[in-house]
Amino acid sequence: MRIDVVSIFPDYFAPLQLSLVGKAIEKGIVESHVHDLRRWTHDRHNTVDDTPYGGGAGMVMKPEPWGEALDTVEAAAPGPMTVIVPTPAGRPFTQTIAYELAAKPRLVFACGRYEGIDQRVLDHSHDTYDTHELSLGDYVLNGGEVAALAIIEAVVRLLPGVIGNPDSLREESHSQDNDALLEYPNYTKPPQWRGRAVPEVLLGGNHAVIAAWRRDEALRRTLARRPDLIVDPE
Ligand code: 6GU
């Protein structure tokens, strides 16, 4: 998979070289390219934003640098590209979407700042590319960079060969093999710690009983913390 990122803060993406995503890059499973949007400005001050038509607070990202950025990134490699625009105004990003994105050959993250990107860039992108405006949740970040990192990590760990033991993908929270319930609680040695015991059932070695207990705990936890997942499953 090839991942391109366009941002006015390319330094935000240094963590891509670390840990799991970094390993995926080393193994050749992922190829990543981070681009400074200001590369596609042509004035002395490398201007990327301007005041909004109609008035109001804040600044809007100008369309021209974004248009050139998408043209250039598209031409840099063959194959259809999927454009992801992180925005609090997007559809909620979910594990289901992570699996869908993990099947794509090329992801391009367009990270906006300020009050957003001129709407015509988004309209153009939807008309030209497979484009997804995605939100991490109902709160506001200063820009798309942190959200892009989160989405990249969620997607890259699903690529074959990235996670050592693929069984861990099947059991975790939100996995489809787990009916998209939250994960059950986990314990390791020692059996007693600060007066707290590991649940007896886990020490017994009866795998059917353990599986039933874990399913029970996952249901209990999901009902308490995320009832929406049970009432309105994805
Ligand atoms: Cl994807 N972007 C921004 N700027 N804020 C957010 C978000 C995304 N998701 C939640 N808050």
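This is a predicted model: local features need pLDDT of at least 70, side-chain atom pairs count only at pLDDT 80 or more; totals for chains, interfaces and linings use all residues.
**Ground rules**

I number residues from 1 along each chain as its sequence is written. Local features need pLDDT of at least 70 and side-chain atom pairs count only at pLDDT 80 or more, while totals for chains, interfaces and linings use all residues; side-chain values use heavy atoms, with hydrogens and water left out.

**Entry: the whole chain**

I looked up the secondary structure and found 9 helices and 9 strands. Helices (H or I, at least four residues) and strands (E, at least two) are DSSP runs, numbered from the N terminus. The C-alpha trace spans about 70 × 40 × 35 Å along its principal axes. Of the 234 residues, 40% are buried; buried is under 20% relative accessible area, exposed over 50%, and partly exposed in between (1.4 Å probe, protein chains only). I also checked contacts, meaning heavy atoms within 4.5 Å. Among those between residues at least 6 apart in sequence, 74% join residues at least 24 apart.

**Entry: helix α4**

Which residues of α4 (residues 119-128) are buried? I found Val 121, Leu 122 and Ser 125. They sit on the same side of α4 because they cover an arc of only 95 degrees around the axis, the arc being that of the directions from the helix axis to the C-beta atoms. A reminder to myself: an α-helix has 3.6 residues a turn, so residues three or four places apart point the same way. Arg 120 and Asp 127 are exposed, on the face turned away from the buried side. The cover over the buried residues includes α2 (63-75), β5 (82-92) and β7 (130-135).

**Entry: Trp 40**

I found Trp 40 in the loop between β2 (31-36) and β3 (49-50). Is Trp 40 buried or exposed? Trp 40 counts as buried because its relative accessibility is 6%. Not counting residues up to four places away in sequence, Trp 40 touches Val 6, His 35, Pro 65, Glu 68, Ala 69, Thr 72 and Val 73. Ala 69 is 29 residues from Trp 40 along the chain, and their C-alpha atoms are separated by 6.3 Å.

**Entry: Glu 145**

Glu 145 is in helix α5 (residues 145-156). At 0% relative accessibility, Glu 145 counts as buried. What does its side chain make a polar contact with? I found the side chain of Ser 7, at 2.7 Å. Beyond its neighbours within four places in sequence, Glu 145 has contacts including Tyr 12, Phe 13, Cys 111 and Arg 113.

**Entry: the ligand**

A backbone N or O atom lies 2.8 Å from a ligand nitrogen atom for Leu 136, and 2.5 Å for Tyr 139.

Note on methods: A polar contact is a pair of N or O atoms within 3.5 Å; within protein, one must be able to donate a hydrogen and the other to accept it, and residues adjacent in sequence count only if both atoms are side-chain atoms.
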